[in-house]
Amino acid sequence: MDNNLNTTPTSERLQIGIFGKVNAGKSSVFNILTGQDAAVVSDQPGTTTDPVRKAMEILPLGPVMIYDTPGLSDDTSLGRMREEKTARTLHRTDAAIIVIDAAEPGENRGYEAIQQLIAEFRQRKIPFFIVLNKSDAIDQDAIRQAVMETAAKLSVSEDVILTFSCKDADDGQNITVGQVSSVEQGAKLLRSRVAALPIASHGQKPRLVADLLKPNDMVILVIPIDESAPKGRIILPQQQVIRDVLDAGCSVAATRPQELEKTLDALRQAPRMVITDSQVFDQVNSIIPRVIPLTSFSILMSRYKGDLEGQMRGARAISSLNDGARILISEGCTHHRQCGDIGTVKLPAWIREHTGRDFDYHFTSGGEFPEDVSEYELIIHCGGCTLPPQEMSWRLERARECKVPMTNYGIMIAYLHGILDRATELFPINV
């Protein structure tokens with residue numbers, strides 16, 4: 001059995017969002033598309049209060065993550081919170097489905113909010129199509145009128161509009177899509193429309209490290225196992241690097257820092273490179289001969305889905321900040337912070353040691369990242385291994401628009417320890 005569905009990380013999947021007004025039937029469309037009752041379906045407006053997601057495979061796209069988002073056009077305070085959560089999903093979206101209730105009178109279909117949504121899609125180059133839902137509730141003339149009105153109001157071609165019905169979809173019966181008369185056929189139609197979208201990020205992806213290797217090269221990975229290491233496993237970027245090295249026809253030797261010298265001695269030839277956890281950069285740098293290239297998992301992630309040159313400039317900005325400057329330290333994932341946490345403990349300590357100054361630190365994690373970062377003078381972000389490329393790009397773009405330098409953990413740590421040039425000499429960059 002192919003385990004690709006379950007083993008592909010969320011960050012490596014194409015992200016498909018379902019958007020629309022409150023009670024337009026987004027959750028029913030979501031359930032049909034995913035083939036599972038993952039989202040609660042109700043006639044009560046605002047049932048979906050948090051994005052619901054489901055991993056699946058849509059050929060020929062491959063692994064995708066489908067999101068059912070909270071509804072738009074709800075003016076209550078709870079509705080505004082829902083819209084904020086919908087906006088967070090938008091930041092990671094590669095392609096979108098807009099759901100509109102065809103049975104509603106035109107003035108109640110939420111065209112104004114959807115116009116704003118489509119403007120965002122076009123600005124971000126996010127492809128989309130429109131599902132004119134609940135078409136079973138109106139006659140054919142009314143359906144035709146709804147299609148023409150929707151196309152005119154939203155300035156879209158009628159080709160991007162799909163008339164659809166999810167009648168009784170919650171019990172798997174009586175779905176009708178034109179001549180379609182089963183849930184399976186409805187799901188097939190939706191998936192085919194998703195698969196036909198011109199998703200820019202679909203196709204050949206950049207490599208983490210394989211493009212820097214030749215077949216039969218040896219790579220040493222230095223992985224500290226301490227109180228901050230997850231129990232019984234290694235973290236995502238380490239897994240991804242191992243797979244990329246093996247896909248390149250190369251070999252991997254993984255070791256803890258304390259066994260690194262013995263590992264080097266045991267090799268019959270020098271490794272092509274050493275990749276280390278950034279937290280032990282200084283220790284590893286003192287052991288590895290200068291002729292052997294050295295970098296970190298976090299720096300590889302910056303090159304893979306970030307802006308390596310810009311983030312190198314961002315790290316150097318720390319030296320010009322005044323005492324009390326506001327610094328945002330942001331992580332893409334959420335985890336229980338240990339006593340030696342890198343973001344909240346080690347980085348501030350290393351920065352204090354390097355600069356001799358005290359800064360005003362602010363911390364975010366997971367989906368939290370400010371829309372307006374202009375109040376900060378520097379942003380230090382994790383490698384972003386759990387974030388989809390679209391969301392990481394959005395965060396980098398927010399910093400650029402606000403003219404705030406941004407770097408990542410590994411690049412900053414290398415700079416603070418005086419080894420940034422060595423840690424990035426593998427890459428053809430000019431900074």
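This is a predicted model: local features need pLDDT of at least 70, side-chain atom pairs count only at pLDDT 80 or more; totals for chains, interfaces and linings use all residues.
**View 1. Strand β9, covered on both faces.** In a regular strand, side chains alternate between the two faces of the sheet. For β9 (residues 273-276), M273 and I275 sit on one side, V274 and T276 on the other, and all of them are buried.

**View 2. The neighbours of β9.** Strand β7 (residues 218-222) runs parallel to β9, and four bridges link the pair; here I220 stands opposite V274. Strand β10 (residues 294-296) also pairs with β9 in the parallel sense, this time over three bridges, with T295 as the bridge partner of I275. To get from β9 to β10, the chain goes through helix α9 (residues 281-287), making a right-handed β-α-β crossover.

**View 3. F19 meets F121, edge-to-face.** This is one of five aromatic pairs in the structure. The ring centres of F19 and F121 are 5.6 Å apart, with 65 degrees between the planes. F19 belongs to strand β1 (residues 14-20) and F121 to helix α4 (residues 111-124), so the pair ties together parts 102 residues apart in sequence. F19 is buried at 0% relative accessibility, and F121 is buried at 0% too. Together with F128, F19 and F121 make up one aromatic cluster.

**View 4. Y361 and F363, stacked.** With ring centres 6.4 Å apart and planes at 25 degrees, this pair counts as stacked. Y361 is buried at 19% relative accessibility, because the cut-off for buried is under 20%. F363 is partly exposed at 38%.

Conventions. Residues are numbered from 1 along each chain as its sequence is written. Side-chain values use heavy atoms; hydrogens and water are left out. Buried means under 20% relative accessible area, exposed over 50%, partly exposed in between (1.4 Å probe, protein chains only). Helices (H or I, at least four residues) and strands (E, at least two) are DSSP runs, numbered from the N terminus. Two strands pair if DSSP finds at least two bridges between them. A crossover is right-handed if, with the strands pointing away from the viewer, the path from the first strand over the helix to the second runs clockwise. Rings of Phe, Tyr and Trp (its six-membered ring) pair if their centres lie within 6.5 Å; planes under 30 degrees apart count as stacked, over 60 as edge-to-face and the rest as tilted.
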